[in-house]
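Welcome, and thanks for taking a look at this chain with us. Here is a short briefing on some of its contacts, pairings and surface details.

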Amino acid sequence: KYLNSPQTPLFDKGRNLFNHGPAREACGKGARLIVAEGYMDVIALVEAGFAGAVAPLGTAVTEEQLSLLWRIHDEPVVALDGDAAGLRAAMRVIDLALPRLEAGKGLRFALLPQGQDPDELIKARGAPAMQAVLDEAQPMVRLLWERETQGKVFDSPERKAALDKTLREAIGAIKDPSIRRHYGEEIKELRFQLWGPKGRESKRTTWRPKGAPLPATPSAKASPLVAGIVEPEDQLRQAVMAILVVVPALVPDFAHDLEGLDGLGDGLADLRDAILRHAGDDGLRERVGRDVGPERLDGLLAAPHIRILPALRRPDDLDLARQSIGTLLGDLAARAGHRVALQEGMEDAPEANDEWLTRRLGQAAAQVDVTRRKETEDTREVVVAPNGLALDKDEKEHQQRVLSQIDFSRSGRGPRA
């Protein structure tokens, strides 16, 4: 197939990538960076239209090669053969990457069907099959979780504690405190899905290279959300992106926040990536429309919860748009905090007394509802209006004093009738 040249002072395999130059140029034009195992895989990928493909030079991925990958693209997709050797290679890359993660720099992993490499998959089923594998690439935290849980049984407190210790040690290798915290939150979510709110374990985990962490249940399939109703958090994410599409001058100001949005489905992730890709370009809206499809973009901007946004009615008012995005992002952060607090409360429910659990869940709800926040913090400072809204007591008294001093008569000489 190829001649594996020797290591020399002039040619350091660990500091180079096969097809580096053409892939860098292709990624600069919007191509996805794909890391394959070997030369023949790269050749097959490029011939099939995946121009941003590279491979190490007959060795395992090195620290220098990882840095080189991140200079080309913020989130390379590591496409590995669907066999034991491919999985072992993926695990080595995880251990190499964890201490070097930075904000905005990550990896995704696409595992091919058992026994196939990209060359074989493309020959057997064509480029669309390879594209489908790449589209289902999983973030690195999911592969880390699978590594530590695949094929294992956690039917005792000791085994569960051992899993917690192993995962803590792995996450502890991450130097960036923000990334380390987010990894911990994601692991907590996966742990919650494994054992459930009452500690019930699904006895054995299995590797799911293509699917989500858990299959959809019949009740989920019958949910109104499946019928097209958008979840409140997705409405907030859509609103942020819609404002940035219409007011592109603010994209650089909120690029970091946009990159950090979590919980994005395929449609919103594509839209987010297109906005970031064309940040600073003239005609950003048209370019984004070409990337995600003009019908999809027009449909989003025409949605009822988007049309009513004041920032879209007055796109020239940058201050209004900036304030609107800040409010939306704040609401998203509050809802995320509420979700985490609620899950923690439910996890602790079997051991907690009723009074403690009620207080904990009340605090969780207060993360989203500011009026309830006042109620949970100090009920003596809250006045509940007839419509159920909690009002600040001092503000209410000040309002009453002001109203009592206003003369509502036409002449201004007497009280209003």
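Ala-110 counts as buried, because its relative accessibility is 1%. Please keep in mind as you read that this is a predicted model.

**A buried alanine and a buried glutamate**

- Ala-110 has its place in strand 4, which covers residues 108–114.
- Setting aside neighbours within four places in sequence, Ala-110 is in contact with Val-77, Val-78, Ala-79 and Leu-80, and also with Val-133, Leu-134 and Ala-137.
- Between the C-alpha atoms of Ala-110 and Ala-90 there are 9.6 Å, and the two residues are 20 residues apart along the chain.
- Is Glu-148 buried or exposed? Glu-148 is buried, because its relative accessible area of 11% is under the 20% cut-off.
- Glu-148 belongs to helix 7 (residues 140–149).
- If residues up to four places away in sequence are not counted, Glu-148 touches Phe-154, Leu-163, Thr-166 and Leu-167.

**Helix 2 and its partner**

- Two packed helices are described by the angle between their axes and by the distance between those axes.
- For helix 2 (residues 39–47) and helix 5 (residues 118–125), the angle is about 35° and the axes are 8 Å apart.
- On the helix 2 side, the contact is made by Met-40, Asp-41, Ala-44 and Leu-45, while helix 5 brings Pro-118, Asp-119 and Ile-122.
- By class, the contact of helix 2 with helix 5 has five nonpolar residues, two charged ones and no polar ones.
- Which residues of helix 2 are buried? They are Tyr-39, Asp-41, Val-42, Ala-44 and Leu-45.
- Just after helix 2 comes Gly-49, with a positive phi of about 105°.

**Helices 14 and 15**

- Helix 14 (residues 284–292) packs with helix 15 (residues 294–301) at an angle of about 115°, and their axes are 6 Å apart.
- Arg-285, Val-288, Gly-289 and Val-292 of helix 14 meet Pro-294, Arg-296, Leu-297 and Leu-301 of helix 15.
- The contact of helix 14 with helix 15 divides into five nonpolar, one polar and two charged residues.

**Salt bridges**

- Side chains of opposite charge can pair when their charged atoms come close.
- How many salt bridges does a search of the whole structure find? The search finds 19 salt bridges.
- One of them joins the side chains of Arg-15 and Asp-12, at 3.2 Å from N to O. Asp-12 is partly exposed, with a relative accessible area of 26%.
- Arg-32 and Asp-135 also meet through their side chains in a salt bridge, at 3.6 Å from N to O. This pair links distant parts of the chain, 103 residues apart: Arg-32 is in the loop between helix 1 and strand 1 (34–35), and Asp-135 is in helix 6 (residues 127–135).
- Both partners are partly exposed: Arg-32 has a relative accessible area of 33%, and Asp-135 has a relative accessibility of 44%.
- Another salt bridge is formed by the side chains of Asp-253 and Arg-322, at 3.4 Å from N to O. Asp-253 lies in helix 12 (residues 251–259) and Arg-322 in helix 18 (residues 318–347), so this pair ties together parts that are 69 residues apart in sequence.
- Asp-253 counts as partly exposed at 47% relative accessibility, and Arg-322 counts as partly exposed at 33%.
- Glu-148 comes back here: salt bridges that share partners join Asp-95, Arg-147 and Glu-148 into one network.

**Surface patch and backbone**

- Val-402, Leu-403 and Ile-406 form a nonpolar patch on the surface, and together they have about 230 Å² of accessible area.
- Leu-403 counts as partly exposed, because its relative accessibility is 43%.
- Most residues other than glycine have a negative phi.
- Asn-19 has a phi near 70°, a positive value in a residue other than glycine.
- Where is Asn-19 found? Asn-19 is in the segment before helix 1 (20–28).

Key: Residues are numbered from 1 along each chain as its sequence is written. This is a predicted model: local features need pLDDT of at least 70, side-chain atom pairs count only at pLDDT 80 or more; totals for chains, interfaces and linings use all residues. Side-chain values use heavy atoms; hydrogens and water are left out. Axes are lines fitted to C-alpha atoms, for helices over the stretch in contact, and angles run from 0 to 180 degrees between N-to-C directions. Helices (H or I, at least four residues) and strands (E, at least two) are DSSP runs, numbered from the N terminus. Contact means heavy atoms within 4.5 Å. Ala, Val, Leu, Ile, Met, Phe, Trp, Tyr, Cys and Pro count as nonpolar, Asp, Glu, Lys and Arg as charged, and the others, Gly among them, as polar. Patches are made of residues with over 30% relative accessible area and no salt bridge: like charges are joined within 9 Å, nonpolar side chains (Val, Leu, Ile, Met, Phe, Trp, Tyr) within 5 Å. Accessible areas come from the Shrake-Rupley method with a 1.4 Å probe; for residues, only the protein chains shown count as cover. A salt bridge is a side-chain nitrogen of Lys or Arg within 4 Å of a carboxyl oxygen of Asp or Glu. Buried means under 20% relative accessible area, exposed over 50%, partly exposed in between (1.4 Å probe, protein chains only).
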